[in-house]
Amino acid sequence: MIIVLRSAASEADLALIEEKIRDRGLSAHVSRGVERTIVGVVGDERHIDPEAFEGLDCVEKVLRILSPYKLVSRDFKKDDTVIDVLGQRVGGGSVALFAGPCSVEGKEMMVEIGRRVKEAGAGFLRGGAYKPRTSPYAFQGMGEEGLECLAAAREATGLPVATELMDPRDIEVVARYADVIQIGARNMQNFRLLAEVGKLRKPVILKRGMSATIVEWLMSAEYIASQGNQEIILCERGIRTYETATRNTFDVSAIPVLRTLTHLPIIADPSHAAGKASLVEPLSAAAIAAGADGLMIEVHNQPEKALSDGPQSLRPAAFAAMTERLSRVAAAVGRRLGSS
Ligand code: PEP
Ligand code: MN
């Protein structure tokens, strides 16, 4: 339920409404717009009674949100959410670039790749230190040492870093180093993990589960938002279909569909969708044309030696040449690519 306050409503009115909400065992999420303050009420639907608020003088109207997701819905917030990370913005008209290797493999390579992707316009450096691998015998990531490499690369380049959190037991150490926390496709419905990152005050990239519907994905975002963290970036990374020519099937339609359903920024990861470096550029172009707020691209200085996802990783020079061409695609749809 959404309570829209009259423009004349005071702070005391707002405090009273928040108290009434809490007394019912519900939680209040206040959003202050330029003209109006609105209060989102979430919790057990059986206790949400619009009549308890409709009669108050300071209340203009009370609206029910019909979708199962509330705080992340467009009904709750009309304006697009723009997330600022160390001066780099995600959302609001530009196409943010997250680039870097699948796995952090060492400090020198992170600094080198960080410098190269920054030159090519990237605003964020990515790299996994805790890796979700299909095989327990495959490289599992460098752990905290990998996080230290990311921090060194941030120091050298000034780029904020994004890295995956797989397990609630690692939240403290990952949050200490990361500027943006990534929740991977395999954990999209790990509800305990989602609730934990919801308690942080740090942006979260929530990747789409490989078999998740758009509504299930938004419900997972709601788990994070309902704990107080509204800085959520949705990332389309391809879904499982019967097609085997690509690693996953890139669901480009998810981008405009989400745009109508949610105020959250939407980025695309064509690398994991394609599974092949040669397909990253056309899928990136499609994502930009469809309105994506950003791209996440795997870049490695020696893809043939990469410890994970080498076949889908671009060399820094290829990444730079691609961003040059993609900036023209972005301009054609009235957007600007990266921080270039
Ligand atoms: C990754 O970003 O390296 C990754 C493991 O992605 P996903 O969770 O989308 O498979
Ligand atoms: Mn990867």
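1. D179 counts as buried because its relative accessibility is 14%. Here, buried means under 20% relative accessible area, exposed over 50%, and partly exposed in between, with a 1.4 Å probe and protein chains only. The side chain of D179 meets that of R154 in a salt bridge, at 2.9 Å from N to O. A salt bridge is a side-chain nitrogen of Lys or Arg within 4 Å of a carboxyl oxygen of Asp or Glu. The pair links distant parts of the chain, 25 residues apart. D179 lies in the loop between helix 5 (171–177) and strand 10 (180–183). R154 lies in helix 4 (residues 144–157). Helices (H or I, at least four residues) and strands (E, at least two) are DSSP runs, numbered from the N terminus. R154 counts as partly exposed because its relative accessibility is 21%.

2. A note on the source: this is a predicted model, in which local features need pLDDT of at least 70, side-chain atom pairs count only at pLDDT 80 or more, and totals for chains, interfaces and linings use all residues. Residues are numbered from 1 along each chain as its sequence is written, chains are lettered from A and ligands numbered from 1 in the order in which they are written, and side-chain values use heavy atoms, with hydrogens and water left out.

3. A second salt bridge to check joins the side chains of D293 and R259, at 3.0 Å from N to O. D293 sits in the loop between helix 10 (280–289) and strand 14, and R259 in helix 8 (residues 254–261), so the pair ties together parts 34 residues apart in sequence. Both residues are buried.

4. D44 and R46 also form a salt bridge, with their closest N and O atoms 2.4 Å apart. D44 counts as partly exposed because its relative accessibility is 31%. R46, at 69%, counts as exposed.

5. The structure holds 19 salt bridges. Among the linked residues, E144, E172 and R176 form a network.

6. Now the metal. The manganese ion (ligand 2) is coordinated by C102 (SG), H272 (NE2), E298 (OE) and D309 (OD), at 2.0 to 2.3 Å. Donors are N, O and S atoms within 2.8 Å of the metal (3.2 Å for Na, K and Ca); water is not among the atoms, so sites may look incomplete. Along the chain, the donors follow the spacing C-x169-H-x25-E-x10-D. H272 and D309 link distant parts of the chain, 37 residues apart. H272 is in helix 9 (residues 270–274), and D309 is in the loop between strand 14 (294–298) and helix 11 (316–332). H272 and D309 are both buried.
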